Amino acid sequence: MTSRRDFFKVAGIAGGAVAAGAVSRVAMAALPEPVIQTSPNTMAPLMPNSGRPYNPVVTLNGWTLPWRMNQGIKEFHLVAEPVVREVAPGMKAHLWGYNGQSPGPTIEVVEGDRVRIFVTNRLPEHTSVHWHGQRLPSGMDGVTGLTQPAIPSGKTFVYEFVARRPGTFMYHPHGDEMVQMAMGMMGFWVTHPKARHPLIDEVQRDFCFLLSAYDIEPGAATPKVAEMTNFNLWTWNSRVFPGIDSLNVRLNDKVRIRMGNLTMTNHPMHVHGHEFVVTGTDGGPTPKSTRWHEVTTDVAVGQMRQIEFVADEEGDWAFHCHKSHHTMNAMGHDIPTMIGVDHSGLAKKVNKLIPDYMVMGERGMADMTEMEMPIPDNTIPMMTGQGPFGSVEMGGMFSVLKVRRDQKPGDYKDPGWYKHPAGTVAHEYTGPMAEPARFSAEGGQSMPRARKPATPTEVKVRKPTSHGEH
């Protein structure tokens with residue numbers, strides 16, 4: 001917390017578009033006490049105890065920032081600071097964030113609310129906060145050097161504006177942006193409608209999370225901030241599977257999921273077992289004439305997407321980014337493809353020099369989940385997660401939508417694994433197997449080569465075997 005004298009000094013230069021009289025009234029009041037949260041668990045929705053009522057969101061592996069009402073103004077206090085974030089059990093990252101976590105807490109307001117946000121900078125360098133997607137005075141937009149002076153380390157600035165339109169937004173720095181966002185500085189913002197809205201349906205479950213990516217070498221804890229392409233941790237709210245909580249809903253609930261992308265690439269987000277419609281972006285609710293049913297929607301860099309569906313299929317349903325390398329952890333980008341390579345002779349020779357040498361990758365990478373090899377400290381397996389039928393072999397941007405008939409309204413607790421009705425689980429077939437029909441030739445060529453090779457190339461197919469030869 002800054003001292004009262006520092007606050008008076010800073011408030012005079014941080015008002016931006018706020019009238020001088022308003023700044024003076026702010027300076028007369030003490031700062032709201034900052035609320036700090038370090039638990040990585042999904043917190044229960046924060047029901048509004050003051051101001052206008054609304055149906056709160058649930059932030060996946062996160063929480064909503066409390067506020068206070070001060071003469072009709074909703075006041076929040078963000079603290080930009082270094083944090084330690086548990087990415088998944090067994091790994092912690094040294095990040096920058098807000099109020100003890102990366103990402104920072106979700107801010108929830110109602111359309112028409114006048115909002116005052118105090119930002120205290122406990123980082124080792126200056127910062128600012130940009131309110132991504134908001135309609136506000138230019139001086140409140142948070143772009144260092146362009147619309148405001150930077151917030152120096154150890155100082156507190158104040159932002160004040162009216163939340164003009166309902167929708168799904170986010171906040172992040174606009175000062176040394178490459179470093180600060182690569183270190184995890186971001187947060188979600190939801191503006192709820194002040195009354196029934198023709199384009200915004202009422203829902204029973206409303207989830208939100210941000211997509212972010214880090215490059216943290218195995219055994220390390222701090223991201224490489226200059227990385228642009230080879231990220232090895234793809235996260236939702238700075239968590240990777242199996243550390244991402246499940247989305248637990250009641251059968252036939254109307255469900256809304258809000259997502260924002262602050263990585264450096266796009267993410268095709270895919271829900272199993274249900275069709276959804278995109279009902280909103282950071283530009284606001286989408287017109288109903290533009291909506292159609294999908295099972296995958298792409299979220300581009302810097303975009304928000306809001307999807308809705310009726311959870312009318314009971315079960316455990318995967319929910320993930322459909323880029324397959326985004327559902328893996330601690331990836332080694334330089335590992336060669338060894339599928340089909342016969343290691344047997346080489347393995348025996350290497351074993352004489354390295355007794356514990358094991359061949360990996362000749363049958364695919366699923367063996368990685370079975371070997372339980374030692375890994376560096378503060379690192380999690382590339383593919384992991386134990387399900388009711390064995391390893392899920394996932395990581396990164398993966399979670400589970402759990403739809404249950406007996407989940408109580410408003411209950412977000414994990415119901416455990418789904419109990420499948422008899423006869424509804426895929427199983428081994430043990431009956432007779434007919435020999436598959438095979439083509440005798442691949443057919444002619446419409447445009448044959450002018451010169452054919454003297455000897456045809458022969459490819460031998462090596463079928464996978466057990467580890468007995470190793």
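Student: In which sense do strand β20 and strand β23 pair?

Tutor: This is a predicted model, and that applies to every value below. Strand β20 covers residues 315-321 and strand β23 covers residues 398-404. Six bridges join the two strands, and the sense of the pairing is antiparallel.

Student: Which residue is the bridge partner of glycine 315 in β23?

Tutor: Alanine 318 of the model stands opposite valine 400 in β23. For glycine 315, the bridge partner in β23 is valine 403.

Student: Which residue stands opposite valine 403 of β23 in the pairing with β13?

Tutor: β13 and β23 pair over four bridges, in the parallel sense. The residue opposite valine 403 is valine 249.

Student: What is the strand order of the open sheet of five strands, and why is one side of β13 and of β18 left without a neighbour?

Tutor: The pairing in this sheet is mixed, and the order is β13-β23-β20-β15-β18. β13 (247-250) and β18 (296-299) each have a single partner strand, so one side of each has no neighbour in the sheet. From one strand to the next the twist averages 20°. The reason asked for is therefore position: β13 and β18 stand at the edges.

Student: How many of the residues of β23 are buried?

Tutor: In a regular strand, side chains alternate between the two faces of the sheet. From β23, Phe398, Val400, Lys402 and Arg404 point one way, while Ser399, Leu401 and Val403 point the other way, and all are buried. β23 is therefore largely enclosed by the rest of the structure, and the count of buried residues is seven of seven.

Student: Which strands stand at the edges of the open sheet of four strands?

Tutor: The order in this sheet is β5-β10-β9-β7, with mixed pairing. The twist averages 25° from one strand to the next. An edge strand here pairs on one side only, and the edge strands are β5 and β7 (130-132).

Student: Which residue of β10 stands opposite valine 110?

Tutor: Strand β5 (residues 107-110) pairs with β10 in the parallel sense over four bridges. Glutamate 108 stands opposite valine 190 in β10. The residue opposite valine 110 is histidine 192.

Student: Which residue in β10 is the bridge partner of phenylalanine 169?

Tutor: β9 and β10 run antiparallel and are joined by five bridges. The partner of phenylalanine 169 in β10 is tryptophan 189.

Student: How many residues of β10 are buried?

Tutor: Both faces of β10 are covered. Gly187, Trp189 and Thr191 on one side are buried, as are Phe188, Val190 and His192 on the other. β10 is thus largely enclosed by the rest of the structure, and the count of buried residues is six of six.

Student: Why does the pair of tryptophan 67 and phenylalanine 76 count as tilted?

Tutor: Both residues, tryptophan 67 and phenylalanine 76, are buried. Planes under 30 degrees apart count as stacked and those over 60 as edge-to-face, with the rest tilted. The ring centres of tryptophan 67 and phenylalanine 76 are 6.1 Å apart, and the pair is tilted because the planes are at 50°.

Student: How many residues apart in sequence are the parts that phenylalanine 207 and tyrosine 412 tie together?

Tutor: Phenylalanine 207 and tyrosine 412 form an edge-to-face pair, with 5.9 Å from centre to centre and 85° between the planes. Phenylalanine 207 is buried, with a relative accessible area of 1%. Phenylalanine 207 lies in strand β11 (residues 205-214) and tyrosine 412 in the segment after β23, so the parts tied together are apart in sequence by 205 residues.

Student: What is the volume of the second largest pocket?

Tutor: The lining has 24 residues, and Pro193, Ala195, Ile200, Asp201 and Glu202 lie nearest the centre of the pocket. β9 (167-172), β10 (187-192), β14 (254-261) and β17 (284-285) are the elements giving two or more residues to this lining. By class the lining has eight nonpolar, eight polar and eight charged residues. The volume is about 480 Å³.

Technical notes:
Residues are numbered from 1 along each chain as its sequence is written. This is a predicted model: local features need pLDDT of at least 70, side-chain atom pairs count only at pLDDT 80 or more; totals for chains, interfaces and linings use all residues. Side-chain values use heavy atoms; hydrogens and water are left out. Two strands pair if DSSP finds at least two bridges between them. Axes are lines fitted to C-alpha atoms, for helices over the stretch in contact, and angles run from 0 to 180 degrees between N-to-C directions. On a 1 Å grid over the protein atoms alone, a cavity is a set of points where a 1.4 Å probe fits but cannot get out, and a pocket is an open set with protein on both sides within 12 Å along at least five of seven lines; lining residues have an atom within 4 Å of a point. Grid points are joined across faces, edges and corners, and a volume is the space filled by probe spheres set on the points. Ala, Val, Leu, Ile, Met, Phe, Trp, Tyr, Cys and Pro count as nonpolar, Asp, Glu, Lys and Arg as charged, and the others, Gly among them, as polar. Rings of Phe, Tyr and Trp (its six-membered ring) pair if their centres lie within 6.5 Å; planes under 30 degrees apart count as stacked, over 60 as edge-to-face and the rest as tilted. Buried means under 20% relative accessible area, exposed over 50%, partly exposed in between (1.4 Å probe, protein chains only).
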